[in-house]
Amino acid sequence: MNTPPTPSSDDVVTLRIDAVGAQGDGVARGADGAAVYVPYSAPADIAEVRLQEGRGRLMRVVKPGPDRADPVCRHFGVCGGCAVQHLNDAAYAAWKREMVVAALRSRGLEADVEAPVRSPLASRRRAVFTARRVKVGWRIGFKERGSRELAALSECPVMRPAIAAFLRKAPGLLSALPADVRAAALHATQTEEGLDVSLDKTGLEPLSRAAGALIGAAQALDLARLSLDGDPVVAFRTPTVRMGRARVALPPRAFLQATAEGEAALVGLARGGLGDAARIADLFCGLGSFALPLAENASVYAADSERLAIDALKAAAGAAGGLKPITAERRDLFRRPLEAAALDAFGAVLFDPPRAGAAAQAERIAASSVRRVVAISCNAATFARDARTLVDGGYALTRIACVDQFLFAAHIELVGFFERR
């Protein structure tokens, strides 16, 4: 881990780190008893810390605690993409699990929270990088933690090798942009056919004058497809991913579960929680990562607000063989949630909303007579809020499984299992 030089000032103090907080910062107590948050510190570390407006900057670990481990990436401590590469496996798993336990506790809930199922290194199949033009070429990577500065990356052990390799080659693509383009975002997704890349501009007119150069650069990099702001410029191959028996053609910048391994774990958990229901509602279905595998054994109603995702799901379901009927509908479940009377027609319901959760839809589920509900979330706080609604409506929260697709970041995917009392 890269640490800055120790300053010659009298605001450097020696602290003992007591725990790791929700964002991955170590938590210590200052002389006045107030909490001091120290990034990149581990429990029981004795550390020299520079105090800066209620926060601490780690200057030196005087004596490491037993939970400390060596980072897996040379950029850790500068790049803001990861928060906790410095914890050993046991401490890391306990920290992730505690996120869920604390969120439930804040809503007065208790449940059996299982240890996280962890995706391996080099498994992230999608990423969004920031790119900025510098004096010579382009700098590409993630922002430094707590800063607007950009950490240029030469490696990323979390990403799939093809994405990590693209990170090094991307300047060849960006060099095709006109000189007045100073910054961009790069969406990269690993698919069956290769990398699907969308280059997002920052407030400029359409770059038609650069299309020829961009196509040549995309071909040289062997990209499957290149898009500008989500609009395809060239597709040498149609990017697809497998979901159960189906192969789904991806819209540009489509949402996917972060890792294929994590998705497989989530689908397996969902199948177990939904049981033998003959009719299932999959709400906030996206491209069908749950609907398509579930349709191997049950008829599925799938709803989502994204038109391109619903179109891709319908096409994949129609082309796949041996599936039970899938009815896919474009529906804004935030403004127009499925009502309790409609939900009563299903033997089980699965919902996997964005980070904002599904407050309105949870209220309708709580008012229904559906026997089993599986709730999937990447935000423990909004999950706990919606779980409270279901429990108050007569459901028992019987179990929570955790899937760690976001290695070393302050996020955890979780699956809650509910049964009507």
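Two strands are said to pair if DSSP finds at least two bridges between them. Helices (H or I, at least four residues) and strands (E, at least two) are DSSP runs, numbered from the N terminus.

Colleagues, the model before you is predicted, with local features needing pLDDT of at least 70 and side-chain atom pairs pLDDT 80 or more, whereas totals for chains, interfaces and linings use all residues. Residues are numbered from 1 along each chain as its sequence is written, and side-chain values use heavy atoms, without hydrogens or water.

I begin with strand β13, residues 225-228. In the hairpin that β13 forms with β14, two residues lie between the strands, and D229 takes a positive phi near 50°. β13 and β14 (residues 231-235) run antiparallel and are joined by four bridges; the bridge partner of R225 in β14 is A235. With strand β12 (residues 194-200), β13 pairs in the parallel sense, again over four bridges, and V197 stands opposite L226.

Which way do the side chains of β13 point? R225 and S227 point one way, L226 and L228 the other, and all are buried; buried means under 20% relative accessible area, exposed over 50%, and partly exposed in between, using a 1.4 Å probe and protein chains only. In a regular strand, side chains alternate between the two faces of the sheet.

I turn now to helix α10, residues 380-392. N379 caps the N-terminal end, with a side-chain oxygen 3.0 Å from the backbone nitrogen of A381. After the helix comes G394, whose phi is positive, near 110°. The buried residues of α10 include F383, A387, L390 and V391.

Those four residues are also among the contacts of F418 (heavy atoms within 4.5 Å), leaving aside its neighbours within four places in sequence. F418, L186 and L283 have the most contacts inside the largest nonpolar core, which has 94 residues. Such a core is a set of buried Ala, Val, Leu, Ile, Met, Phe, Trp, Tyr and Cys residues joined through side-chain atoms within 4.5 Å.

Finally, the cysteines. How many disulfides are there, taking a disulfide as a pair of cysteine sulfur atoms within 2.5 Å? The count is zero. The sulfur of C156 is 6.3 Å from the closest cysteine sulfur, in C73, which is too far for a bond. C156 counts as buried because its relative accessibility is 13%.

Methods: Polar contact = N/O pair within 3.5 Å; in protein donor to acceptor, adjacent residues only side chain to side chain. Disulfide = S-S within 2.5 Å.
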